[in-house]
Every structure is written in C-alpha cells, then in structure tokens.
Amino acid sequence: MADAEQREGTVQVQGQSLFFREARPGAGQAARFSVLLLHGIRFSSETWQKLGTLLRLAQAGYRAVAIDLPGLGHSKDATAPAAVGELVPSSFLAAVVDALDLGAPVVISPSLSGMYSLPLLTAPGSPLRGYVPVAPICTDKISAADYTSVKTPALIVYGDKDPMGPTSFEHLKQLPNHRVLVMEGAGHPCYLDKPEEWHTGLLAFLQGLA
C-alpha cells in the first residue's frame, strides 16, 4: 500500500467554520483528483476515517476530504442553510468545493447529504467530475428534466435491506450516465455493513473517470 498524508482542520464557508478531515497520497505524489465525502444525519467525517475510506482513497492516488456538515460532528456551531429535507442552494456546496480547493471533485453523498449534493449535481455547469449517491434524501425534489440534463457519471449505491434505496433509485435512475451497485444484506448505511464491497465498487468507479 502506498503512503498517505492525513490532516484535519477547519475551513470558512459562507462565514461559518466547518470541520474537515483529509487524506492525500504521500511522498510528494500528485493526486489524480479530489473526492469529497459527505455524511448522513447520525454520522460525520469520522465515519469515513474509522471505516478506512479516506485512507483507501489516498493510497489509491486520490485526495480525499470529508467534511462535517453544518450542525453535525465538529461543525455543531455552524447553522444549516436549510431545514432537514429541504434543498440547500447549490452555492453552498460550491463554496465548500472552492474553500477546500477541490477543483472538479467526485462527491459521495449518503442519506441526509442529498439535500446538499443534488442541487449542485443538477446546477447548470456543475463542477462535479462524478457522483456517488448512497440512498440520499430529496431525490423527489429534483425534476425529471433536471435529472436528464446531468452529464456527470454516477454510481448509485444502496443496500437491498434499505427501504429508502429503491425509493431514491426510482428518481436517480433518470441520470443518463449511471451504473448501480446494490449490496445484498446491507441496510441504509450499506458501506458500514459491507465495507470491502463498498471500497471495491467505489475504487472501480473512480478508476473509470478521466
């Protein structure tokens, strides 16, 4: 396994302080591109650190950054830009991408974080290189026309024991350039139930992106 450099800190986004954890290729290696990891309501950036996703991504040559969303984790003092279940203006996540200097990242978006990621995915001129939704919320709040206009490649992931999985997939399958990873025997946070399958599927998807 290649070396990785890890750090954590805070970044200012629209006047608020957000906590992040980062892992990148070590020994002066240049990263292929950036991966931004969001999280669900009961989780935080620590989830991706404990699961080993940050390290696996860095060892595979990517710059991986996981943030704590406003009001959660170590970003508890930040105020969420919208109520849970309401779409957040795309400018918020775009500001996160800019503040962390992520360029054109792949965004991993489980559950709650759909309210943040879907508006940026469907925004005109979206900066996303790839999108990995994991049974996100708010999929019903995006129009069919907006879904079908998305050019970004997507890997739609969910566990077959998660009732939210097929529900969100009904909307997400309108994305023109998508593939699907259904994890057998896995629940809502399917990456926790099947970490090896999660990492294998994610890295295969990233490998296929230019």
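How far apart do the end C-alpha atoms of residues 35-136 lie? They lie 17 Å apart. This span is 31% helix and 18% strand.

## The model and its record

This is a predicted model, in which local features need pLDDT of at least 70 and side-chain atom pairs count only at pLDDT 80 or more, while totals for chains, interfaces and linings use all residues. Residues are numbered from 1 along each chain as its sequence is written, and side-chain values use heavy atoms, with hydrogens and water left out.

UniProt lists residues 35-136 as "domain: AB hydrolase-1" in an unreviewed entry. Such annotations may be inferred rather than shown by experiment.

## The sheet

Helices (H or I, at least four residues) and strands (E, at least two) are DSSP runs, numbered from the N terminus. Eight strands form an open sheet with mixed pairing. Their order is β1-β2-β4-β3-β5-β6-β7-β8. Two strands pair if DSSP finds at least two bridges between them. β1 (4-13) and β8 (178-183) each have a single partner strand, so one side of each is left without a neighbour in the sheet. From one strand to the next, the twist averages 20°.

Strand β2 (residues 16-25) pairs with strand β4 (residues 63-67) in the antiparallel sense, over four bridges. Alanine 23 has alanine 64 in β4 as its bridge partner.

## Helices on the sheet

Helix α3 packs on the sheet and touches β1, β2, β3 (34-37) and β4. Contact means heavy atoms within 4.5 Å. The direction of α3 makes about 130° with that of β1. Angles run from 0 to 180 degrees between N-to-C directions, and axes are lines fitted to C-alpha atoms, for helices over the stretch in contact.

Helix α6 (residues 164-172) touches β6 (130-134), β7 (154-159) and β8. Its direction makes about 160° with that of β7.

The axes of α3 (residues 90-99) and α4 (residues 114-121) come within 7 Å and cross at roughly 90°. That makes α3 roughly perpendicular to α4 (65 to 115 degrees). Ser90, Phe92, Leu93 and Ala94 in α3 meet Tyr116, Ser117, Pro119 and Leu120 in α4.

## A salt bridge between strands

The whole structure holds eight salt bridges (a side-chain nitrogen of Lys or Arg within 4 Å of a carboxyl oxygen of Asp or Glu). One joins arginine 7 and glutamate 22, at 2.9 Å from N to O. Arginine 7 lies in β1 and glutamate 22 in β2, so the pair ties together parts 15 residues apart in sequence.

Definitions and conventions. Parallel < 35°, antiparallel > 145°, perpendicular 65-115°, else oblique.
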